[in-house]
Amino acid sequence: MVADIWPQPGTPLSQVMTPLPVIDERRLAANIARGQGFLDGLGRAFRPHIKTHKLPEVARMQIEAGACGINCQKVTEAEVFAEAGFDDILITYNILGPARLARLKALNGKVAKLSVTADSALVVEGLGATFAPDAPLTVLVECDTGGARCGVQSPDAAFALAQQIAGAAGLRFGGLMTYPGPGGAAQVEAFMSATLAKLAEAGIDCRVVTVGGTPDFFKAGEIPSATEHRAGTYVYNDRAMVRAGHATLEDCAMHVLATVVSRPTPGRAVLDTGSKALTSDLLGFDDFGLIEAYPAARITGLSEEHGVVDLSAVEGRRPEVGEQVRIIPNHTCVVTNMYDRMVFHDGEVVTRVLEVAARGTVW
């Protein structure tokens, strides 16, 4: 039997095996408080997206801080959080096919307030054929307000789909949802205002206008028609959020601990963090993460178990074989889904190790 490699509470971080993702408890708590406090000041509901942490324990911290509920992306994610006792869940995804719809129907019987989104008549038809008036499902219309992903393409299309939902016996129209592109507040507001006017004229009540995203989190006030904001990455932050101006390096709660396993040349180091430990997402960067103690170093390549680092721009001391370094990932959400457990620490000492309960939930 293989011994448990995960560190116990009280273990110094310097003694843990790498590669390993670690979460700074103080930064985590500060990020949650900062985000909730800002939206409270706007008088807007906050619905954190659990994709970033996939941990019921962290979601409870968000709810205790004042969040109205949680946002999931897949039915199986929602099942995990429903089992953990969460009773207000929005799934922002088109749900299709008999297997998923059957699971969604079962989930609706367990969660006090379950909502989903749809952006086509076909999706609504499937939902309507699954749910009955005695146990209806709440459905929001997803709108493409510039994010160029899913969503109806115009206020007229949003209005038509809302009418279809409202007219389905087993469904309730729940409102409007969008995931806009960064810097798109004016476009969002124009789309939502026009849709709300059409709904009001037809006597269709729209209580929720939910907008998402961490990059423009602190610009949420620029969309006055919104009633709710969704964000995930804010809870940990990452290199992309620092670049976007949402956070500073000191706000980044997640690091991937790595060890220098080779120095083949003076200008090259090799880490034990490859594509299986550190996300290969570039998100517009030309390297694969920021080494905190050596910001001039560049992680230029990832194979499965090796991260190759260019040290040519590092002045003075360079990392040596056996040295432990901390990497701020480009995209923290993907890192979470690579590990079975997440290690938390305070003052360089492990505080708790949590199973990533919703890891790998992809349906």
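The following legends describe close-up views of a predicted model.

View 1. Eight strands make up an open sheet, arranged in the order E2-E9-E8-E7-E6-E5-E4-E3, with parallel pairing. Strand E2 (45–48) and E3 are the edge strands, each of which pairs on one side only. Averaged over the sheet and with direction ignored, neighbouring strands are turned by 30° against each other.

View 2. E3 and E4 pair in the parallel sense through three bridges. Cys72 has Ile91 in E4 as its bridge partner. Helix H6 (residues 155–167) packs on the sheet, where it touches E5, E6 and strand E7 (171–178). The direction of H6 makes about 170° with that of E6. H4 lies across E4, strand E5 (113–118) and strand E6 (137–143), and runs at about 150° to E5.

**View 3. Surroundings of helix H3.** Helix H3 spans residues 75–83, and its buried residues are Val75, Thr76, Glu77, Ala78, Phe81 and Ala82. Gly85, which follows H3, has a positive phi, near 105°.

**View 4. The crossing of helices H4 and H5.** Two packed helices are described by the angle between their axes and the distance between the axes. The axes of helix H4 (residues 98–108) and helix H5 (residues 121–130) come within 10 Å and cross at roughly 55°. The two helices, H4 and H5, are therefore oblique to each other. The crossing in which H4 passes H5 is right-handed. On the H4 side, Leu101, Leu104 and Lys105 take part in the contact, meeting Gly126, Leu127 and Thr130 of H5. Classified by residue type, this contact of H4 with H5 comprises three nonpolar, two polar and one charged residues.

**View 5. Strand E14 and its two antiparallel partners.** Strand E11 (residues 268–271) pairs with E14 in the antiparallel sense over four bridges. Within this pairing, Arg268 has Asp310 of E14 as its bridge partner. Strand E13 (residues 298–302) also pairs with E14 in the antiparallel sense, over four bridges, and Leu302 is bridged to Gly307 in E14. A hairpin of four residues joins E13 to E14.

**View 6. The two faces of strand E14.** In a regular strand the side chains alternate between the two faces of the sheet. In strand E14 (residues 307–310), Gly307 and Val309 belong to the covered face, whereas Val308 and Asp310 belong to the uncovered one.

How values were computed. Residues numbered from 1 in each chain as written. Predicted model: local features only at pLDDT ≥ 70, side-chain atom pairs only at ≥ 80, totals over all residues. Heavy atoms only, no water. Axes fitted to C-alpha atoms, helices over the stretch in contact; angles between N-to-C directions. Parallel < 35°, antiparallel > 145°, perpendicular 65-115°, else oblique. Left-handed = near helix turned anticlockwise from the far one by under 90°. Contact = heavy atoms within 4.5 Å. Nonpolar A, V, L, I, M, F, W, Y, C, P; charged D, E, K, R; others polar. Buried < 20%, exposed > 50% of the residue type's maximum accessible area, 1.4 Å probe, protein only. Pairing = 2+ DSSP bridges.
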